Amino acid sequence: MIEEIRNFLPLTERLLSSGMPTSEQMSDVARAGVQVVINLALPTSERALPDEAKLVESLGMTYVGSPVEWEHPIRRNLDDFMNAMDSYKDHKVLVHCQANYRATGFITLYRILRIGWDREKAFEDLRRIWNPEEYPVWKKFIDDNLPAKA
């Protein structure tokens with residue numbers, strides 16, 4: 001079941017996030033009506049699916065691989081992600097990484113920077129999964145990419 005994917009978080013009717021699905025769970029993702037899978041994990045991440053793109057496409061979904069190094073997230077990673085989100089805004093999308101930290105981090109920034117969400121509201125879902133304060137590289141990355149508070 002899709003709900004059994006590590007740190008699965010349904011954000012809206014068309015936006016889901018999670019940690020790394022298994023190949024069986026990816027079939028559940030397709031059955032749940034997901035049209036696009038955006039993977040932010042590296043192909044070498046723990047529990048990464050071998051040839052995930054081929055699996056996702058064989059299940060009738062579109063695959064977007066946008067790997068982000070956990071220890072070195074960069075603005076280009078975020079821009080690529082936000083552009084993909086814009087491209088598929090009318091589709092049902094699963095954004096995943098290894099543990100749903102990168103995914104919720106990037107979704108939070110996307111909501112603030114591209115959709116115009118209130119900062120605190122945007123962080124509510126992220127905080128259901130993890131706390132960037134515990135990961136200095138990610139706290140700095142998030143802070144560096146947020147607009148200054150008015």
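Colleague: Why is Phe81 called buried?

Modeller: The model is predicted, and the label rests on a computed value. Phe81 has a relative accessibility of 0%. Buried means under 20%, so Phe81 counts as buried.

Colleague: Is Tyr110 buried or exposed, and how do you know?

Modeller: Tyr110 has a relative accessible area of 7%. The cut-off is under 20%, so Tyr110 is buried.

Colleague: How many aromatic pairs does a search of the whole structure find?

Modeller: The search gives 13 aromatic pairs. Phe81 and Tyr110 form an edge-to-face pair.

Colleague: What makes the pair of Phe81 and Tyr110 edge-to-face?

Modeller: Two values matter. A pair of aromatic rings is described by the distance of the centres and the angle of the planes. For Phe81 and Tyr110, the centres are 6.3 Å apart. Rings pair if their centres lie within 6.5 Å, so these two rings pair. Their planes stand at 80 degrees.

Colleague: Why does the pair tie together separate parts of the sequence?

Modeller: Look at where the two residues sit. Phe81 belongs to helix H3 (residues 75-87) and Tyr110 to helix H4 (residues 101-115). The parts tied together are therefore 29 residues apart in sequence.

Colleague: Which residues form the aromatic cluster?

Modeller: Phe81 and Tyr110 are in one cluster with Trp70, Tyr101, Phe106, Trp130, Tyr135, Trp138 and Phe141.

Colleague: Why is H4 called roughly parallel to H6?

Modeller: H4 and helix H6 (residues 136-145) pack at an angle of about 15 degrees. Angles under 35 degrees count as roughly parallel, so H4 is roughly parallel to H6. Their axes are 11 Å apart, and the crossing is right-handed.

Colleague: Which residues make the contact?

Modeller: H4 brings Arg102, Phe106, Leu109 and Leu113. H6 brings Trp138, Phe141, Ile142 and Asn145.

Colleague: What makes E1 and E2 a pair?

Modeller: Strand E1 (residues 9-10) and E2 share 2 bridges, in the antiparallel sense. Pairing needs at least two bridges, so E1 and E2 pair. Pro10 has Leu16 of E2 as its bridge partner. A hairpin of 4 residues joins E1 to E2.

Colleague: How do you know that E2 and E5 pair?

Modeller: E2 and strand E5 (residues 93-96) have 4 bridges, in the parallel sense. With at least two needed, they therefore pair. Ser18 stands opposite His96 in E5.

How values were computed: Residues numbered from 1 in each chain as written. Predicted model: local features only at pLDDT ≥ 70, side-chain atom pairs only at ≥ 80, totals over all residues. Heavy atoms only, no water. Phe/Tyr/Trp six-rings, centres within 6.5 Å; stacked < 30°, edge-to-face > 60°. Buried < 20%, exposed > 50% of the residue type's maximum accessible area, 1.4 Å probe, protein only. Axes fitted to C-alpha atoms, helices over the stretch in contact; angles between N-to-C directions. Parallel < 35°, antiparallel > 145°, perpendicular 65-115°, else oblique. Left-handed = near helix turned anticlockwise from the far one by under 90°. Contact = heavy atoms within 4.5 Å.
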